[in-house]
Amino acid sequence: MSGARPEPTEDELFTVTTIHRAPRELVFAALTEPEHLQHFWGPVGTHTPADRIVVELRVGGRFETTMINDANGQQHTMRAVYLDVERPGLLRWRETDSAVVTEIVLTDRGDGTTEVITTQYGLPPARRSPQARAGWRTALDRSVAYTATLAPPQHDLHPSRSTDPNPGSRP
Amino acid sequence: MLARVFAALGDPTRVELVTRLATGDASVTQLAEPLPMTQQAVSRHLRVLEDAGLVSRGRQAQARPAHLEVERLEEVLAWVGDRRREWLDRHERLAGHLAEIQEEQR
């Protein structure tokens, strides 16, 4: 069984830009406090208990969440370590299993709204590793994805707009 | 479709290699010919693609041609797509949460 993990790299997987209708400090708080994270971290059909969210908000500190499928109780824990923390403008963390780096840049737009750019970097899991194969499309992911398609939308208004630039425009 | 995987791979040289292999198998020599780098450099990139399962190498003693694994390409696309979708959906839910908490503060 291969124990090799992909090396963390600068390889960008995707980037999405979202305008949130809230001050930057509040958006940063929502992304870093368990009391906030529990409400939006996981998809419909799961819950993410606040008392199992770990945020050690400093370089080298832990960031961990556990999503529990409401229907069957299956759990998925994300474990990560912060690489950068700059309140209220920057968060970067690296997931322990996949070495994928998530970077969140928050910018005050001067009108009470905040631009949030979310980028992930990394490489797809090595094909030969069973852990890597289990890391995609696990039964939990599939059941959650299915449940999400059944649930009505939570909000009639969509106060945020997320876009991701056409990746084909990159070299 | 291929453009999205190219973005996922991130590196312009690997983009070139996958593009070339999409038209048929090729040896390291053939792959290196149009690129401004040594065959060793090309081999290193091929190893990254092999680790990702995107490229397989033939077993002929001399040539060991590189072969694009299209099914794997589609799996990688799905992997990247899932991660992007996860964050698009998460930001929608965050927007709803921010609206709720600011409403409560009125």
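The structure is a predicted model, in which local features need pLDDT of at least 70 and side-chain atom pairs count only at pLDDT 80 or more, while totals for chains, interfaces and linings use all residues. Residues are numbered from 1 along each chain as its sequence is written, chains are lettered from A and ligands numbered from 1 in the order in which they are written, and side-chain values use heavy atoms, with hydrogens and water left out.

**Thr114(A)**
- Thr114(A) lies in strand β8 (residues 114-121) of chain A; strands (E, at least two residues) and helices (H or I, at least four) are DSSP runs, numbered from the N terminus.
- Thr114(A) is buried because its relative accessibility is 0%, where buried means under 20% relative accessible area, exposed over 50% and partly exposed in between (1.4 Å probe, protein chains only).
- The Thr114(A) side chain reaches two backbone atoms: the oxygen of Ala22(A) at 2.7 Å and the nitrogen of Arg24(A) at 3.0 Å.
- Beyond its neighbours within four places in sequence, Thr114(A) has contacts (heavy atoms within 4.5 Å) that include Thr18(A), His20(A), Val27(A), Leu106(A) and Arg109(A).

**Strand β8(A) and its partners**
- Six of the eight residues of β8(A) are buried, so the strand is largely enclosed by the rest of the structure.
- Strand β1 (residues 12-20) of chain A runs antiparallel to β8(A) and is joined to it by eight bridges; two strands pair if DSSP finds at least two bridges between them.
- Within β8(A), Val116(A) stands opposite Thr18(A).
- Strand β7 (residues 101-108) of chain A also pairs with β8(A) in the antiparallel sense, over eight bridges, and Asp108(A) has Thr114(A) as its bridge partner.
- The hairpin of β7(A) and β8(A) has five residues between the strands, and Gly110(A) there takes a positive phi near 85°.

- The axes of helix α1 (residues 24-32) of chain A and helix α5 (residues 70-104) of chain B come within 11 Å and cross at roughly 115°; axes are lines fitted to C-alpha atoms over the stretch in contact, and angles run from 0 to 180 degrees between N-to-C directions.
- Leu26(A), Val27(A), Ala30(A) and Leu31(A) of α1(A) meet Leu94(B), Leu98(B), Ile101(B) and Gln102(B) of α5(B).

**Backbone features**
- Most residues other than glycine have a negative phi, and most peptide bonds are trans.
- Arg87(A) and Pro88(A) are joined by a cis peptide bond with omega about -5°; Pro88(A) is in the loop between β5 (75-86) and β6 (90-95) of chain A.
- Ala99(A), in the loop between β6 and β7 of chain A, has a positive phi near 65°.

Note on methods. Polar contact = N/O pair within 3.5 Å; in protein donor to acceptor, adjacent residues only side chain to side chain.
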